[in-house]
Amino acid sequence: MTANESTNESSGATRKNDAGQASRTADTRQAVRESESSHAGRESDTSRVTRSCPRSEPILVGEDLTLAYPGSDEPVIGGESLAVELGVVTALVGPNGSGKSTLLKGLADQLAPRDGTVLLEGRDVHELGTKELARRLGLLSQESTSPESITVEELVYHGRYPHRGFFDHVTESDHRAVHRAIELAGCGHLRERELGSLSGGQKQLAWIAMVLAQDTDVLLLDEPTTFLDLHHQLQVMEIVETLRDESDITVVVVLHDIEQAARHADRIVALDDGEIHGYGTPTEIVTEELLATVFEIEAAVDVVDQGPRITPLCPISSSDS
Amino acid sequence: MSGDEPGVAGSAATGPTADIRRLGWLFDPGLVTVVLASTLVVVLGGLVQVSFGAYSMTPSEAWRAVLNPDVVFNTQAWNAFLLGGEVPDMHERSLIAWNVRLPRVFVAVIVGMNLAVSGAIFQAVTRNELASPFILGVSSGAGLMILLTLVVFGSLTAFLPLIAATGGAVAFLIVYAIAWKGGTNPVRLVLAGVIVGTVLGSLQTALFFFADDVGIVQSAIAWTTGSLTGTDWQQVRLALPWTVVAVGLALVGSRQCNVLLLGEETAKSLGMSIEKVRFALSGVAVLAAAASIAVAGIVSFVGLIVPHIVRNVVGSDYKQLIVGCVFVGPALMVAADVGARLALNPVQIPVGIVTGLVGGTYFLYLMRKKSNLGEI
């Protein structure tokens with residue numbers, strides 16, 4: 001056992017120590033300790049870390065997933081496994097084209113795996129009805145299009161689609177869920193505005209409200225902060241943390257910015273060229289070695305109170321690949 | 001009707017106001033204006049149609065002939081009109097109004113309604129601003145069958161309405177089958193529709209060469225550009241049931257259209273069985289288009305522009321859009337038919353020519369005026 005209190009406190013997973021989260025924080029702390037113990041041995045075997053460290057129970061599991069787009073022979077993700085832990089924020093990071101979004105689509109059953117299965121709470125997602133899956137698992141795609149003239153509130157009501165039958169009217173619980181989602185996403189003041197009149201950041205908040213109205217246990221977000229200004233980026237990440245802390249929602253989020261992932265996520269999955277290169281807490285994953293091998297940059301990593309801080313130095317030429 | 005989201009008012013509804021809010025979107029000022037204006041156009045157009053012709057009446061005579069209580073409240077008369085029974089004795093003017101001229105107006109209403117609704121649905125299904133009821137091969141399939149019937153199988157002319165409608169529906173199924181490869185998408189559908197349309201269109205044009213009678217050619221042109229000449233209660237009886245079904249389903253399906261407009265990925269992640277919904281909605285749209293083809297031939301342009309005109313006023317919410325189309329389609333069609341029947345009196349021209357001229361001109365005017373016209 002090499003874990004000492006100082007590394008523990010600085011790891012991303014143990015930052016949330018408000019009273020209401022005491023029990024889970026204790027769990028995570030335990031998990032971190034466990035993982036710290038295997039840290040030394042993992043350097044050589046980064047792709048299968050999940051089994052080496054018992055953590056909180058998995059809710060969404062991808063087993064030996066091979067994912068490819070229709071009409072293409074080359075799989076984007078080649079036989080990878082991933083167990084998303086219940087009630088934590090997991091960030092998928094990796095360079096462009098590493099398969100982050102593809103993995104997310106595979107987990108959401110938007111892309112049928114060529115091989116392998118995705119289990120949500122032990123059940124194959126492919127065997128759940130489309131609406132039943134959508135009541136448990138929400139996915140916000142990277143680029144969402146909508147008519148310009150739809151209002152924020154109308155958009156958010158569409159999030160209730162999986163909860164309504166073909167002929168069902170809007171019920172009281174729909175109204176409540178929509179109201180809550182709009183409040184949580186902090187776009188109450190935009191309720192009546194048409195989407196076409198909003199800024200990129202405001203639009204993103206509206207879409208997040210829509211997926212929140214779906215009222216799912218698991219939320220998959222594909223690059224929700226890309227192209228947003230810093231204010232909206234922080235707002236989005238704050239929503240994600242609130243969901244975890246107050247509603248026990250499991251969030252898997254693709255993030256372009258690894259430093260953002262280090263700061264806000266409890267677990268990081270590093271992907272490179274369709275392979276899972278590492279899985280663990282931010283301090284375990286965000287290392288100079290990983291930045292060099294996965295992101296091909298030379299960088300200095302300092303562990304500060306907010307988690308690892310990255311100072312990118314220069315790109316490493318990839319003549320060997 | 002299903003799928004009622006509060007579109008007008010603000011916060012969450014509670015208690016007795018919920019019912020009012022549920023239908024609140026119907027009272028959107030834009031929608032109400034569109035509905036009232038369209039109804040006015042239909043009534044005025046109908047009055048003109050009833051007044052003028054070989055047997056002329058003054059508008060007040062026409063008005064009284066139409067509102068003649070002996071006809072309006074006569075079950076035997078309605079039995080004759082809607083079920084094809086014996087027409088009872090009535091005043092000459094009422095007979096002309098009710099048995100000759102009004103049915104044509106009603107057919108125009110039915111055709112306009114069907115085409116507008118069909119076009120609106122296809123624009124959502126294909127997410128394409130240029131979609132019309134005929135984008136997935138319906139018109140070319142119907143057109144080919146019309147030509148085949150008139151030129152080759154002359155003995156089947158009595159069944160032409162049904163053959164044309166069936167030809168359109170079969171062409172749609174062929175297009176869908178071609179576009180299907182473990183699922184489909186709007187681009188594949190539209191491409192397949194254009195290509196099947198081109199192939200069938202060539203065959204149709206080729207068949208014109210084998211028409212040896214100018215009467216047959218004129219008849220073929222009337223059918224392939226759309227005409228209401230000679231329509232009466234029989235056409236109303238033929239198309240009305242399908243129209244009721246298609247429009248009803250379109251209203252029910254409007255929420256699905258709204259979700260489709262959020263894009264395929266979002267619709268899927270919301271749990272929509274997208275292939276089923278897309279096929280079902282297309283089926284409804286083809287039913288509507290086929291019903292209009294059966295009674296009026298292939299009237300182009302109405303299904304393309306009416307949804308844009310309505311969208312321009314009420315926005316892209318399909319619940320409002322479909323309701324608007326149910327009224328604006330008939331308005332355009334009835335107004336165009338006034339021109340088709342009376343402009344070159346006594347010669348009648350196919351109404352499809354007038355819809356192109358009237359509708360096209362109005363559409364160009366809108367395009368000049370509005371910068372964002374045509375966005376779905």
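This is a predicted model: local features need pLDDT of at least 70, side-chain atom pairs count only at pLDDT 80 or more; totals for chains, interfaces and linings use all residues.
Figure 1. In chain A, 67% of the contacts with a separation of 6 or more join residues 24 or more positions apart. As for burial, 49% of its 321 residues count as buried.

**Figure 2. Residues 1-53 of chain A, a stretch with pLDDT under 50.** Chain A as a whole averages a pLDDT of 82, and 82% of its residues score at least 70. Residues 1-53 of chain A are another story, as pLDDT stays under 50 there. The model still gives this stretch 72 contacts beyond four places in sequence.

**Figure 3. Chain B, a chain with 17 helices and zero strands.** The C-alpha trace of chain B spans about 60 × 55 × 40 Å along its principal axes. Its radius of gyration is 21 Å, which agrees with the value near 21 Å that a compact globule of 376 residues would have. Of those 376 residues, 51% count as buried. Among the chain B contacts with a separation of 6 or more, 75% are between residues 24 or more positions apart.

Figure 4. Take residues 31-55 of chain B to start with: the span is 84% helix and 0% strand, and its end C-alpha atoms sit 38 Å apart. Then there are residues 321-343 of chain B, at 96% helix and 0% strand, with 31 Å between the end C-alpha atoms.

**Figure 5. Where chain B touches chain A.** The contact draws on 27 residues from chain B and 32 residues from chain A. On the chain B side, the elements giving two or more residues are α12 (254-260) and α13 (264-269). The largest share of that side, four residues, comes from α13(B). Sorted by class, the side of chain B that touches chain A has twelve polar, eight nonpolar and seven charged residues.

Key. Residues are numbered from 1 along each chain as its sequence is written. Chains are lettered from A and ligands numbered from 1 in the order in which they are written. Two residues are in contact if their C-beta atoms, placed from the backbone, lie within 7 Å. Ala, Val, Leu, Ile, Met, Phe, Trp, Tyr, Cys and Pro count as nonpolar, Asp, Glu, Lys and Arg as charged, and the others, Gly among them, as polar. pLDDT is the predictor's confidence in each residue, from 0 to 100. The radius of gyration is taken over C-alpha atoms; the globule rule is 2.2 Å times the number of residues to the power 0.38. A residue is buried if 20 or more other C-beta atoms lie within 10 Å of its own, exposed if 12 or fewer, and partly exposed in between; C-beta atoms are placed from the backbone.
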